[in-house]
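Trainee: I would like to take a close look at one part of this model with you. Could you walk me through it once it is on the screen?

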Amino acid sequence: MKAMNASVRNAVFFPAFFLTPVVLVLTAAAMRFAGQSLAAFWYLAAAAVYIVFGLFLTMAVNVPMNEVLAVTPVPADIEAAREVWERYSGRWQFWNQVRMIASGIALIFAAFGLTISRPTAPETV
């Protein structure tokens, strides 16, 4: 788990995780200004779900849990190590699954926005 936490600190993770809601909000604004309010709604809904259940949940639950685990010494005794992992794993997995489901819902909402948006015909002079 410690290795996994260290591996996500890279140049790809930051934009993929933190800029997703920014892109969704900007897309919603663009759709709204293009007169496509329904598509804008779905992009904004995707952003809201991602912000609350992706970003906020990660910062409020998973990151603090990871930080506690990172400073927890690994016991030499296998049974003691198993107890540490069992106390940590179930709660972390539950909240990680909530984040995964929410991310899927956000993706579906964005797909709704994409399928509802219609291209605008170029203006002819």
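Is the crossing of α3 and α4 left-handed or right-handed?

Mentor: Happy to. The crossing of α3 and α4 is left-handed, a term used if the near helix is turned anticlockwise from the far one by less than a right angle, with right-handed for clockwise. Before we go on, this is a predicted model, in which local features need pLDDT of at least 70 and side-chain atom pairs count only at pLDDT 80 or more, while totals for chains, interfaces and linings use all residues. Residues are numbered from 1 along each chain as its sequence is written, and side-chain values use heavy atoms, with hydrogens and water left out.

Now the helices themselves, which are DSSP runs of H or I with at least four residues, numbered from the N terminus. Helix α3 covers residues 20-33 and helix α4 residues 37-71; their axes lie 8 Å apart and the packing angle is about 165°. Axes here are lines fitted to C-alpha atoms over the stretch in contact, and angles run from 0 to 180 degrees between N-to-C directions. The two helices are therefore roughly antiparallel, the word for angles over 145 degrees.

On the α3 side, the contact (heavy atoms within 4.5 Å) includes L24, A28 and M31, and on the α4 side Y43, A47 and Y50 are among the residues taking part. Sorted by class, this contact has 14 nonpolar, 3 polar and 1 charged residues. Nonpolar covers Ala, Val, Leu, Ile, Met, Phe, Trp, Tyr, Cys and Pro, charged covers Asp, Glu, Lys and Arg, and the others, Gly among them, are polar.

Several of these names come back in the largest nonpolar core, which has 15 residues; L24, M31, Y43 and Y50 are among those with the most contacts inside it. Such a core is a set of buried Ala, Val, Leu, Ile, Met, Phe, Trp, Tyr and Cys residues joined through side-chain atoms within 4.5 Å, where buried means under 20% relative accessible area, exposed over 50% and partly exposed in between, with a 1.4 Å probe and protein chains only. Helices α3, α4 and α5 (78-116) each give two or more residues to this core, and α4 gives the most, with 8 residues. Leaving out residues up to four places away in sequence, Y50 touches A16, F17, T20, P21, L55, S103 and A106.

By contrast, V22, also in α3, is partly exposed, with a relative accessible area of 41%.

Definitions and conventions. Parallel < 35°, antiparallel > 145°, perpendicular 65-115°, else oblique.
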